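Please consult the sequence and the structure shown below while reading.

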Amino acid sequence: MFSVFGQKARAWWALWPTLLLASALSSAPAKADFGQQDWPCQQRKVLHLSWGQMWAGPPLPEDPAAWRDDAEIDRLSALLAARRTSMAEAETLVAAVDAGVERAREERLVALFAGSFALIDRERARIVEGIERLSRRERARTDRIDALRAEITGLRETTPETDFDGLDRIEELEDTLAWETRIYEDRRRSLQFVCESPVILEKRAFSLARLIQEKL
């Protein structure tokens with residue numbers, strides 16, 4: 001519980017959560033409006049990539065999982081899809097692919113692209129869906145913040161300075177608002193970073209397509 005003097009002395013400080021939230025909302029990066037409420041990123045939401053937009057080599061196998069039949073191609077596909085593998089390392093791995101027992105080198109390289117593309121697309125789709133889930137949670141958090149602000153405003157207008165229980169309730173709500181606003185800010189910054197991941201993976205798929213086609 002705090003005194004009336006303490007409440008008056010803290011009048012300006014009590015406003016800071018609201019001011020912080022307003023600053024966060026006004027500084028949030030504008031997103032492209034494609035009618036997708038749960039998509040917070042600048043780039044258009046595309047759940048799955050199209051290999052036809054990046055691959056000009058021989059047609060990929062009709063069976064999308066055929067690349068798994070070759071144990072070595074299966075292993076190399078995972079290495080190429082992994083972001084920790086540099087493009088210089090990827091080039092070395094691709095150059096080392098030779099003819100197999102049942103497949104020509106060109107057929108194995110096509111299978112290698114099919115495998116690495118499938119793995120990249122799967123990881124990218126998982127990230128896109130995760131971004132949407134996070135965005136929905138943040139929209140719900142924004143609703144909670146708005147409700148807290150409205151409740152605090154109402155209590156400030158109706159609570160007498162001698163109602164210490166009411167003043168304690170206002171302080172409790174202000175603490176909650178400050179915490180929710182801080183989480184909102186942290187998550188907003190995280191979203192800015194995570195939104196780059198689908199772009200990075202798409203660029204990697206394009207780079208691998210070009211690299212493998214050069215070896216055909």
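Contact here means heavy atoms within 4.5 Å. Helices (H or I, at least four residues) and strands (E, at least two) are DSSP runs, numbered from the N terminus. This is a predicted model, in which local features need pLDDT of at least 70 and side-chain atom pairs count only at pLDDT 80 or more, while totals for chains, interfaces and linings use all residues. Residues are numbered from 1 along each chain as its sequence is written, and side-chain values use heavy atoms, with hydrogens and water left out.

**Overall fold**

- The chain contains 7 helices and 0 strands, and its elements run α-α-α-α-α-α-α from the N terminus on.
- Of its 216 residues, 37% count as buried; buried means under 20% relative accessible area, exposed over 50% and partly exposed in between, with a 1.4 Å probe and protein chains only.
- Among the contacts in the chain with a separation of 6 or more, 79% are between residues 24 or more positions apart.

**Helix H3 and Leu 76**

- Ile 73, Leu 76, Ser 77, Leu 80 and Ala 81 are buried in H3.
- These residues lie on the same side of H3, because they cover an arc of only 130° around the axis; the arc is that of the directions from the helix axis to the C-beta atoms.
- The cover over the buried residues of H3 includes H4, H5 and H7.
- Leu 76 belongs to helix H3 (residues 71-81) and is buried, with a relative accessible area of 5%.
- Not counting residues up to four places away in sequence, Leu 76 touches Leu 93, Val 97 and Leu 112.
- The C-alpha atoms of Leu 76 and Phe 113 are separated by 9.8 Å, although the two are 37 residues apart along the chain.

**Helix packing**

- Axes are lines fitted to C-alpha atoms, for helices over the stretch in contact, and angles run from 0 to 180 degrees between N-to-C directions.
- Angles under 35 degrees count as roughly parallel, over 145 as roughly antiparallel, 65 to 115 as roughly perpendicular and the rest as oblique.
- The axes of H3 and H7 come within 11 Å and cross at roughly 130°, so H3 is oblique to H7.
- Leu 79, Leu 80 and Ala 81 of H3 make this contact with Arg 204, Leu 208 and Ile 212 of H7.
- The contact of H3 with H7 has 5 nonpolar, no polar and 1 charged residues; Ala, Val, Leu, Ile, Met, Phe, Trp, Tyr, Cys and Pro count as nonpolar, Asp, Glu, Lys and Arg as charged, and the others, Gly among them, as polar.
- Helix H6 (residues 164-194) packs against helix H7 (residues 196-215) at an angle of about 10°, with the axes 5 Å apart, and the two are therefore roughly parallel to each other.

**Nonpolar cores**

- A nonpolar core is a set of buried Ala, Val, Leu, Ile, Met, Phe, Trp, Tyr and Cys residues joined through side-chain atoms within 4.5 Å.
- The largest nonpolar core has 35 residues, and those with the most contacts inside it are Met 54, Trp 55, Leu 80, Val 94, Leu 112, Phe 113 and Ile 212.
- H3, helix H4 (87-95), helix H5 (105-158) and H7 each supply at least two residues of this core, and H5 gives the most, with 13 residues.
- A second, separate core of 8 residues includes Ile 145, Leu 167, Ile 170 and Tyr 184.
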